[in-house]
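User: Hi, I have a protein model open and would like to go through it with you. Could you take me through a few places in it, slowly?

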Amino acid sequence: MGFKIGLLGLGTVGTGTAQILLDTMGRHPLLQELAIARVGVRSPDKPRSIELPPQIVGTDLEAIVTDPDIDIVVELIGGLEPARSLILKAIESGKHIVTANKAVISRYGDEIFSAANDKGVYVMLEAAVGGGIPVISPLKQALGVNRIKRVTGIINGTTNYILTRMQAEGVDFADVLADAQRLGYAEADPTADVDGLDAADKIAILASLAFGGRIKLDDIYCEGIRHVSAADIAYAEKLDFTIKLLAIAQEDTSADGDKPQQLEVKVHPTLLPKTHPLANVNDVYNAILVEGDPLGQVMFFGP
């Protein structure tokens, strides 16, 4: 029978995940050993672009995470609660976890990973940063032998799309934001994206992996793009620069050499010379630049 999946959430990401699991043609043979057993949603009658047997779709998410027949819980509902409680309950019930929830992992990662270690289950979170870009596994494994100096990312597609449009069309932030909301690139409440909070969650996760240790969100300097104007972008253009919202984690080179190395983690609009590897990452694309010794620079890029 293979492994049974309990899928929590059937929004954009949940639907895409279900489509991959249902259409295994040409994909890795391991996918054929996975079956969607139950799906938890808020509104079962909502029209969706995917057809699932109605008997497996329901609103009782707690029953899914405690179901003894479920092997893996895939949490794609987002937000802090009930996502955190459901993840912990699933772990307590002996389920492996797959999540794309950067907000929960950045705030409650310690609690979740400790619980998973105690129960001997996996928590997999590759999609929490950079969508489909495989950056978390390399940071945990292949890049671990390097002394990482800096991780720099364009890791929020909404703000990158807005800044790209502002640069290309010479228009102001508010006009592009309204258009992005109409097209579905920006949420009705865009605060998490445009104020840099989403990027802060993601760089907290990347920094903890790259440098080891817990990153407190309150310690991350966070500035969004609301105050970037068309005039700013035009001025940058004259100097052969572009403006990008960067999330940066790096060793603090200003620290006293006799003291333990400090870490600097921040999110803010940044002037980038057009020769910089991240300068031409446009629209809703993401990219993460990792710099270390002896490797030098490695960049992960994708949608």
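Analyst: Let us begin with Asn156, which sits in the loop between strand 7 (147-154) and helix 6 (157-169), where helices (H or I, at least four residues) and strands (E, at least two) are DSSP runs numbered from the N terminus. This is a predicted model, so local features need pLDDT of at least 70 and side-chain atom pairs count only at pLDDT 80 or more, while totals for chains, interfaces and linings use all residues. Residues are numbered from 1 along each chain as its sequence is written, and side-chain values use heavy atoms, with hydrogens and water left out.

User: Is Asn156 buried or exposed?

Analyst: Asn156 is buried, because its relative accessible area is 4%; buried means under 20% relative accessible area, exposed over 50%, and partly exposed in between (1.4 Å probe, protein chains only).

User: And which residues is Asn156 in contact with?

Analyst: Leaving aside neighbours within four places in sequence, Asn156 is in contact with Asp193, Asp198, Lys202 and Asn286, where contact means heavy atoms within 4.5 Å. The side chains of Asn156 and Asp198 are also joined by a polar contact of 2.9 Å, that is, a pair of N or O atoms within 3.5 Å, of which, within protein, one must be able to donate a hydrogen and the other to accept it, and residues adjacent in sequence count only if both atoms are side-chain atoms.

User: What does UniProt list for Lys202?

Analyst: The unreviewed UniProt entry lists Lys202 under "active site"; UniProt positions are given in the numbering used here, feature names are shortened, and annotations may be inferred rather than shown by experiment. Lys202 is placed in helix 9 (residues 197-211), and Lys202 is buried, with a relative accessible area of 9%.

User: New topic: how many aromatic pairs are there?

Analyst: A search of the whole structure finds 2 aromatic pairs, where rings of Phe, Tyr and Trp (its six-membered ring) pair if their centres lie within 6.5 Å, and planes under 30 degrees apart count as stacked, over 60 as edge-to-face and the rest as tilted. The rings of Tyr161 and Tyr185 have centres 4.4 Å apart and planes at 40 degrees, so this pair is tilted.

User: Where do Tyr161 and Tyr185 lie?

Analyst: Tyr161 lies in helix 6, and Tyr185 in the loop between helix 7 (173-183) and helix 8 (191-194), so the pair ties together parts that are 24 residues apart in sequence. Tyr161 counts as buried at 8% relative accessibility, whereas Tyr185, at 41%, counts as partly exposed.
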